[in-house]
Amino acid sequence: MDLASGLKKLIASRDNFRCRRCGIELKQDAFERNIDHIIPRDLIAISELWNLELLCINCNEQKGSKLSSDFQERCTRALKKSFSLKKEELKNQNYIGLALKAVFVQHHNYYQTELKEHYKDDYINKKKYGSNYRVLIDLVRNLALQQEFKVSNVKKKKKSTEKLSQQLKKEANEAIKSLKNIFRPIEEKKEEKAIKAEQDLLLQYDRKFSQFLLSSAQNKHYSTIMNFMAWSEQLTPRKDNEILSADELLNSYLRMFEYLNNC
Ligand SMILES: [Zn+2]
């Protein structure tokens, strides 16, 4: 067994040898087992453990190269499952399993490199996004795993008077909000809070992607930028203050990066 098929088997075992979409068991037939890229390789090639999951042939065909709207949940789960021990393993005192997992965790960087080479990630991404693709991968990973960006990366410089008026505005808003909240059931408030946190994070991703797009565009020839602008006019225009969902964000930005690199 070569290393790549060994790693594929490891991912299958992590997913309990069951298709992650329909739940069908795939223990017997290795040919039925498909290791699927949750964020499709057509979009960007990332063969890291958090982006891989076990699917049966049917589900894999059905999914095709689409980015599903629940990709963030899928990626987060795959990441957690990759490095945590299964309850059954502890219960059954499967010491070989435990020891192998420990070895795997220790050397996972090496295995990841093997996986990337097997799927030719670097080659695909370089062709599509140019030599800057690593930054793009970092951004996509952040978005997929819903990790917050470090505040130090965001430039915040505001004049003190501006700060003060904003502070007043904020306080006034909060006072109004708290008045409104008195009449609202608690559960609804909690849900609202969660939605707001999610949207704040999406806005952060949006800003990061657009910053990087801008800095990538700066190195391009003016004719390339003209072409890009003409092309981007055909895209569906975004309404003011519209918050895109995570899959919409990824789809639209990656298309823009690809176009910018190849026009
Ligand atoms: Zn299936």
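Predicted model: local features only at pLDDT ≥ 70, side-chain atom pairs only at ≥ 80, totals over all residues.

Where is the place of Gln146? I found Gln146 in the loop between α8 (133–144) and α9 (160–182).

**Entry: Gln146**

I read a positive phi of about 50 degrees for Gln146, although Gln146 is not a glycine.

**Entry: confidence**

The average pLDDT of the protein is 83, and 83% of the residues score at least 70. Residues 150–159 are another matter, as pLDDT stays under 50 over them.

**Entry: overall layout**

I counted 12 helices and 2 strands in the protein. Along the sequence, the order I noted is α-β-β-α-α-α-α-α-α-α-α-α-α-α. Of the 263 residues, 18% count as buried. I also looked at contacts between residues at least 6 apart in sequence, and 76% of these join residues at least 24 apart.

**Entry: Phe17**

Phe17 turned up with a positive phi too, about 55 degrees, and Phe17 is not a glycine either. I located Phe17 in the loop between α1 and β1 (34–37). Phe17 has 16 other C-beta atoms within 10 Å, so I put it down as partly exposed.

**Entry: α8 with α12**

At what angle do α8 and helix α12 (residues 246–262) pack? I noted about 170 degrees, with the axes 11 Å apart. α8 and α12 are therefore roughly antiparallel to each other, as angles over 145 degrees count that way. From α8, the contact uses Leu136, Val140 and Leu143. From α12, I listed Ala246, Leu249, Leu250 and Phe257. By class, this contact has 7 nonpolar residues, with no polar and no charged ones.

**Entry: α1 with α6**

I turned to helix α1 (residues 3–14) and helix α6 (residues 108–118), whose axes come within 10 Å and cross at roughly 110 degrees. That makes α1 roughly perpendicular to α6, because 65 to 115 degrees is the range for that label. The crossing of α1 past α6 is left-handed. On the α1 side I wrote down Leu3, Ala4 and Leu7. They meet Tyr111, Glu114, Leu115 and His118 in α6. By class, the contact of α1 with α6 has 5 nonpolar, 1 polar and 1 charged residues.

**Entry: Lys116**

While in α6, I stopped at Lys116, which has its place in that helix. Which residues does Lys116 touch, not counting residues up to four places away in sequence? I found Ser47, Asp121 and Asp122. I also took the distance from Lys116 to Ile46: they are 70 residues apart in sequence and 7.3 Å apart in space, C-alpha to C-alpha. With 17 other C-beta atoms within 10 Å, Lys116 is partly exposed.

How values were computed. Residues numbered from 1 in each chain as written. Helix = DSSP H or I, 4+ residues; strand = E, 2+ residues; numbered from the N terminus. Buried ≥ 20, exposed ≤ 12 C-beta atoms within 10 Å, placed from the backbone. Contact = placed C-beta atoms within 7 Å. Axes fitted to C-alpha atoms, helices over the stretch in contact; angles between N-to-C directions. Parallel < 35°, antiparallel > 145°, perpendicular 65-115°, else oblique. Left-handed = near helix turned anticlockwise from the far one by under 90°. Nonpolar A, V, L, I, M, F, W, Y, C, P; charged D, E, K, R; others polar. pLDDT = per-residue confidence, 0-100.
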